[in-house]
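Reader: Please pick one part of this model and take me through it closely. I would like to know what it packs against and which way its side chains point.

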Amino acid sequence: MSDPLHHRTDYTRHVLMEDEAGDDPIALFARWMADAQEAGVPEPHAMTLATAGSLTISCRVVLLRSFDADGFVFYSNYNSRKAMDLERDPRAALNFFWPQLERQVRIEGKAEQVSPEESDRYYATRPVESRIAAWSSDQSRSVEDRAKLEERFERWKGRFADGEVPRPLHWGGYRVRPQRMEFWQGRPSRLHDRIAFEHFADGAWARLRLQP
Ligand SMILES: Cc1cc2nc3c(=O)[nH]c(=O)nc-3n(C[C@H](O)[C@H](O)[C@H](O)COP(=O)(O)O)c2cc1C
């Protein structure tokens, strides 16, 4: 078997020229997300979220649930490690890697909680077991063992046995408002295409090409 750490891919599938990139990175992101879905990327909406703690930087995968010109929305626990980080320092970075398309998207900006109404609307679309899990898990805290975790879940399930499962106040969305977005398209000979957009205060975007 070949050594995966020394595997080399020559990227040949697509190109990213300025005319395709256009002037609106959100529109370009929408086209690339549609391409990823069409190409059969498993969980194309899975993205790595990086946050800064007081001493450490950490990252983890979360799922993108909506996006538009205002930003990129994911849902989580407001007491989790990422939430603590964002409360101290709202700067966040997102990363998508879609290997089937040889593409990467990087997004940098500030995260803020979405409105309670927006979180309610999304929460209501979740399967009931996921809604109960939002109550039963103190995300990022330690637990004695797996059995304790399951016991907690069953206890909450019992509490909501015959009624609605309301959204817990410690669970909701974050919107990352992009200040910078970068689209990377793999090309042969490591001469990749990198098109970045930087957001000005007046809402306009500046586009630039970066060296690979
Ligand atoms: C494919 C995938 C999707 C995930 N989606 C989410 C999500 O949407 N929200 C979330 O809070 N955690 C999600 N997680 C779990 C996170 O990666 C992480 O374990 C959790 O949020 C706790 O992170 P923290 O301790 O840094 O706050 C997902 C993990 C994977 C692998």
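**Helix α5 and its neighbours**

Author: Helix α5 crosses helix α6 in a right-handed sense (the near helix is turned clockwise from the far one by less than a right angle). This is a predicted model, in which local features need pLDDT of at least 70 and side-chain atom pairs count only at pLDDT 80 or more, while totals for chains, interfaces and linings use all residues. Numbering starts from 1 along each chain as its sequence is written.

The axes of α5 and α6 lie 9 Å apart, at an angle of about 115° (lines fitted to C-alpha atoms over the stretch in contact, with angles from 0 to 180 degrees between N-to-C directions). From α5, Ile 132, Ala 133, Trp 135 and Ser 136 meet Arg 152, Phe 153, Trp 156 and Lys 157 of α6 (C-beta atoms, placed from the backbone, within 7 Å). Five of the residues in this contact are nonpolar, one is polar and two are charged.

Helix α5 covers residues 128-136, and its buried residues are Arg 131, Ile 132, Ala 134 and Trp 135 (20 or more other C-beta atoms within 10 Å; exposed means 12 or fewer). Viewed down the axis of α5, these buried residues fall within an arc of 150°, so they line one face of the helix. Glu 129 and Ser 130, on the other side of α5, are exposed.

The cover over the buried residues of α5 includes α4 (116-124) and β7 (171-185), along with α6 (146-159). The protein as a whole has six helices and nine strands, and 25% of its 212 residues count as buried.

Conventions. Helix = DSSP H or I, 4+ residues; strand = E, 2+ residues; numbered from the N terminus. Arc of directions from axis to C-beta. Contact = placed C-beta atoms within 7 Å. Nonpolar A, V, L, I, M, F, W, Y, C, P; charged D, E, K, R; others polar.
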